[in-house]
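User: Can you walk me through this one? I'd like the contacts and the pocket.

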Amino acid sequence: QVQLVESGGGLVQSGGSLRLSCVASGSRFIVSTRGMGWYRQATGKQRELVAGIVGPKRIYADSVKGRFTISGDMDKNTMFLEMTSLKEEDTAIYYCKRTIGAQEFWGQGTQVTVSS
């Protein structure tokens, strides 16, 4: 079974940068990934898509477009989220997700806190 582990979260000042990583392990079928991405959930709010990869396509939430960059190949075990010009509104738990076949796998999340 696939395991996803996020890292790189922490406390940062407004305008700062963070680089999140997500490492997948536990299955030879990781190379069969159909899609993967980053989501976040702020306190009291619904989880939302931040950035995703489906084949050659990259998508971003309007709120992060131009500031965040997702990278990684679907047949590789690691993906990243480069975050720049961070705002207080970016404070949330960030989760990585990978879809293999019809199954979705989630990491346990990493906390990002942006202070002003």
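**Contacts, rings and pocket**

Analyst: Start with a polar contact: the backbone nitrogen of Gly 9 lies 3.2 Å from a polar atom of the Thr 110 side chain. A polar contact is a pair of N or O atoms within 3.5 Å; within protein, one must be able to donate a hydrogen and the other to accept it, and residues adjacent in sequence count only if both atoms are side-chain atoms. One caution: this is a predicted model, where local features need pLDDT of at least 70, side-chain atom pairs count only at pLDDT 80 or more, and totals for chains, interfaces and linings use all residues. Residues are numbered from 1 along each chain as its sequence is written, and side-chain values use heavy atoms, with hydrogens and water left out.

User: Where is Thr 110, and is it buried or exposed?

Analyst: Thr 110 is in strand E11, residues 110-115. Thr 110 is buried, at 11% relative accessibility. Buried means under 20% relative accessible area, exposed over 50%, and partly exposed in between, with a 1.4 Å probe and protein chains only. Strands (E, at least two residues) and helices (H or I, at least four) are DSSP runs, numbered from the N terminus.

User: What about Val 112 and Val 114, buried or exposed?

Analyst: Val 112 is in E11 and is buried at 0% relative accessibility. Val 114 is also found in E11, buried at 5%.

User: Switching to rings. How many aromatic pairs turn up?

Analyst: Two, from a search of the whole structure. In one of them, Tyr 95 and Trp 106 have ring centres 6.5 Å apart and planes at 80 degrees, so the pair is edge-to-face. The rule: rings of Phe, Tyr and Trp (its six-membered ring) pair if their centres lie within 6.5 Å; planes under 30 degrees apart count as stacked, over 60 as edge-to-face and the rest as tilted.

User: Which strands does that pair link?

Analyst: Tyr 95 lies in E9 (residues 92-100) and Trp 106 in E10 (residues 103-106), so the pair ties together parts 11 residues apart in sequence. Tyr 95 is buried at 11%. Trp 106 is partly exposed at 33%. Tyr 39, Tyr 95 and Trp 106 form one aromatic cluster.

User: Which charged residue sits over the ring of Trp 106?

Analyst: Arg 47. Its charged end sits over the Trp 106 ring, 4.7 Å from the centre. Arg 47 also lies over the face of Tyr 95, at 3.7 Å from the ring centre. The test is NZ of Lys or CZ of Arg within 6 Å of the ring centre and within 35 degrees of the ring normal.

User: Now the pocket. What lines the largest pocket?

Analyst: The lining includes Arg 40, Lys 45, Glu 48, Arg 67, Lys 87, Glu 89 and Asp 90. Among the others are Gln 41, Ser 63 and Ala 92.

User: How does the lining split by class?

Analyst: Two nonpolar, three polar and seven charged residues. Here Ala, Val, Leu, Ile, Met, Phe, Trp, Tyr, Cys and Pro count as nonpolar, Asp, Glu, Lys and Arg as charged, and the others, Gly among them, as polar.

Note on methods: 1 Å grid on protein atoms, 1.4 Å probe; cavity = no way out; pocket = protein on both sides within 12 Å on 5 of 7 lines; lining within 4 Å.
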